[in-house]
Amino acid sequence: LFLVLSLMAPRLPWGSGYYKNTVFVVDCSASMKISYEGKTRYAHATDWVANYLASSNGKTRSYLITASNENSLVVAGSMQSEKVLQKLNTTKPSYDVCDIEEAMQMAKTLGESLNESYEIIVLTDKKPLQQMSNSHLVCFGNSGQNGAISFMAYDEQGEEAAVLVQVMNKG
């Protein structure tokens with residue numbers, strides 16, 4: 001019996017070594033709508049996550065936090081890459097701003113609550129002031145223009161709205 005169990009051990013999902021807990025924090029702010037190389041920064045981030053999950057051979061338990069005006073945990077502990085990618089493909093960047101450091105703190109709190117090893121991967125075009133342990137930053141703001149909405153006002157006029165937006169190139 002011991003011989004049979006020892007031969008099966010590599011295939012049994014015991015312990016946290018069998019899979020990796022990964023918390024993805026994806027920036028969904030307005031600046032992720034900026035295009036370079038034919039795609040938006042958000043599309044590049046989605047492709048990056050897809051390639052990462054494909055290379056993990058199904059051994060990633062994924063958590064997905066979308067960072068915008070309100071940070072949201074939209075996928076919690078899924079071993080199905082398709083679920084994460086479907087959520088990324090149906091989520092689009094908004095016209096909001098985001099506090100990427102607040103989203104990173106949310107990811108850290110989530111990771112610590114797992115009581116297992118975890119890593120945080122932040123996909124953004126911003127540079128956080130602090131780098132956390134167990135985190136990796138994938139920055140999409142190094143190419144193209146780095147636009148920011150510096151002023152926005154609107155006036156509702158019946159069923160229509162007049163919008164005034166000032167966009168500045170920050171990079």
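**Figure 1. Asparagine 115 in its loop.** Asparagine 115 turns up in the loop that runs between α4 (100-113) and β6 (118-124). This is a predicted model, and in it asparagine 115 has a positive phi of about 60 degrees, even though it is not a glycine. Most residues other than glycine have a negative phi. Is asparagine 115 buried or exposed? Asparagine 115 is exposed, with a relative accessible area of 69%.

**Figure 2. Asparagine 57, with a positive phi as well.** Here we look at the loop between α2 and β4, where asparagine 57 has its place. Phi of asparagine 57 is near 55 degrees, a positive value in a residue that isn't glycine. With a relative accessible area of 65%, asparagine 57 counts as exposed.

**Figure 3. The whole chain, for orientation.** Before the next close-ups, here is the overall layout. The chain has 4 helices and 9 strands, and from the N terminus on they run α-β-β-β-α-β-β-α-α-β-β-β-β. There are 171 residues in the chain, and 37% of them count as buried. Take the contacts in the chain with a separation of 6 or more: 61% of them are between residues 24 or more positions apart. The accessible surface of the chain comes to about 10,400 Å², and carbon and sulfur atoms account for 52% of that.

**Figure 4. Phe24, Trp48 and Tyr52 form a cluster linked by ring pairs.** A pair of aromatic rings is described by the distance of the centres and the angle of the planes. The count for this chain is 2 aromatic pairs. In one of them, the rings of phenylalanine 24 and tyrosine 52 have centres 5.6 Å apart and planes at 85 degrees, so this pair is edge-to-face. Phenylalanine 24 belongs to strand β1 (residues 20-27) and tyrosine 52 to helix α2 (residues 41-55), so the pair ties together parts that are 28 residues apart in sequence. Both phenylalanine 24 and tyrosine 52 are buried.

Then there's the pair of tryptophan 48 and tyrosine 52: ring centres 5.6 Å apart, planes at 15 degrees, so this one is stacked. Tryptophan 48 and tyrosine 52 are 4 residues apart in helix α2, so about one helical turn separates them.

**Figure 5. Helix α2 alongside helix α3.** Two packed helices are described by the angle between their axes and the distance between the axes. The axes of α2 and helix α3 (residues 81-90) come within 10 Å and cross at roughly 180 degrees. That angle is over 145 degrees, so α2 is roughly antiparallel to α3. Which residues meet here? From α2 come Tyr42, Thr46, Val49, Ala50 and Leu53, and from α3 come Ser81, Val84, Leu85, Leu88 and Asn89.

**Figure 6. Tyrosine 42 and its surroundings.** Now zoom in on tyrosine 42, which has its place in helix α2. Tyrosine 42 counts as buried, at 4% relative accessibility. Methionine 32 is 10 residues from tyrosine 42 in sequence, and the two are 5.1 Å apart in space, C-alpha to C-alpha. Setting aside its neighbours within four places in sequence, tyrosine 42 is in contact with Val26, Asp27, Cys28, Met32, Leu88, Thr91 and Pro93.

**Figure 7. Serine 29, in the loop between β1 and β2 (35-36).** Is serine 29 buried or exposed? Serine 29 is buried, with a relative accessible area of 2%. Serine 29 and proline 93 lie 64 residues apart in sequence, but their C-alpha atoms are 5.4 Å apart in space. Neighbours within four places aside, serine 29 is in contact with Ala67, Pro93, Ser94, Asp96, Val97, Cys98 and Lys126.

**Figure 8. Serine 62 in strand β4 (residues 60-67).** Serine 62 counts as buried, with 1% relative accessibility. What is serine 62 in contact with, leaving aside its neighbours within four places in sequence? The list is Thr22, Phe24, Leu53, Val75, Ala76, Gly77, Ser78 and Val84. Phe24 also takes part in the ring cluster with Trp48 and Tyr52, while Leu53 and Val84 are also among the residues where α2 meets α3.

Methods: Residues are numbered from 1 along each chain as its sequence is written. This is a predicted model: local features need pLDDT of at least 70, side-chain atom pairs count only at pLDDT 80 or more; totals for chains, interfaces and linings use all residues. Side-chain values use heavy atoms; hydrogens and water are left out. Helices (H or I, at least four residues) and strands (E, at least two) are DSSP runs, numbered from the N terminus. Buried means under 20% relative accessible area, exposed over 50%, partly exposed in between (1.4 Å probe, protein chains only). Contact means heavy atoms within 4.5 Å. Accessible areas come from the Shrake-Rupley method with a 1.4 Å probe; for residues, only the protein chains shown count as cover. Rings of Phe, Tyr and Trp (its six-membered ring) pair if their centres lie within 6.5 Å; planes under 30 degrees apart count as stacked, over 60 as edge-to-face and the rest as tilted. Axes are lines fitted to C-alpha atoms, for helices over the stretch in contact, and angles run from 0 to 180 degrees between N-to-C directions. Angles under 35 degrees count as roughly parallel, over 145 as roughly antiparallel, 65 to 115 as roughly perpendicular and the rest as oblique.
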